[in-house]
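Please open the model in your viewer and keep the selection panel at hand. The stops below follow one another, each with something to select and a note on what is there.

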Amino acid sequence: MSAQSSPKTPRPAPFSLRLTVDERAQIEAQAGSMPLASYIKSVVLEADAPKYRQRQKAPDAKQQLLAEVLVRLGQTRQANNLNQIARHLNQGTLIVDAELKEDLKRAVAEIAWMRATIMEALGVKS
């Protein structure tokens, strides 16, 4: 060895822990997306352990309802259609026939459903 280099500090031997299948499954479930060794160190050493993001929880019923509303909004062109109807009404060029009446009823019903669903998801009583 040269005089300038310092001797390397030897790393300690790996630590082994034997677990039953059920114990390992429980620890893996608790660790979530965190590597198993990191999770075990975080539990044992607490303050010295690195902090990791927690795995996202499955969406609850409210989040699923809001997602359904967003899907329906994405599948429709309601905003554009309502804008076109308002433009033609303002210009006096709108001809209201049976087909338009049905389209408007359907749009109003969908908007009412979205409003009620959002209110339910947010816990607001109507």
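Helices (H or I, at least four residues) and strands (E, at least two) are taken as DSSP runs and numbered from the N terminus. This is a predicted model, in which local features need pLDDT of at least 70 and side-chain atom pairs count only at pLDDT 80 or more, whereas totals for chains, interfaces and linings use all residues. Residues are numbered from 1 along each chain as its sequence is written, and side-chain values use heavy atoms, with hydrogens and water left out.

Begin by selecting leucine 19, which sits in the segment before helix 1 (21–31). Leucine 19 has a relative accessible area of 32%, and it therefore counts as partly exposed, the class between buried (under 20%) and exposed (over 50%), with a 1.4 Å probe and protein chains only.

Next, show the largest pocket, with a volume of about 360 Å³. On a 1 Å grid over the protein atoms alone, a pocket is an open set of points where a 1.4 Å probe fits, with protein on both sides within 12 Å along at least five of seven lines, and lining residues have an atom within 4 Å of a point. Phe15, Leu17 and Leu19 are among its lining residues, as is Arg24, while helix 2 (residues 36–45) gives the most to this lining, with 6 residues.

Stay with arginine 24 and select glutamate 28 as well: the two form a salt bridge whose closest N and O atoms are 2.8 Å apart, a salt bridge being a side-chain nitrogen of Lys or Arg within 4 Å of a carboxyl oxygen of Asp or Glu. Both residues lie in helix 1, 4 residues apart, about one turn of the helix.

Move on to the second largest pocket, which holds about 270 Å³ of space. Of its 13 lining residues, Asn81, Ile85, Asp103, Leu104 and Ala107 lie nearest its centre. Helix 4 (78–91) and helix 5 (98–122) are the elements that give two or more residues to this lining.

Finally, which residue forms a salt bridge with aspartate 103? Select arginine 106, where the closest N and O atoms of the pair are 2.6 Å apart; both residues lie in helix 5, 3 residues apart.

Technical notes
Points joined across faces, edges and corners; volume = space filled by probe spheres on them.
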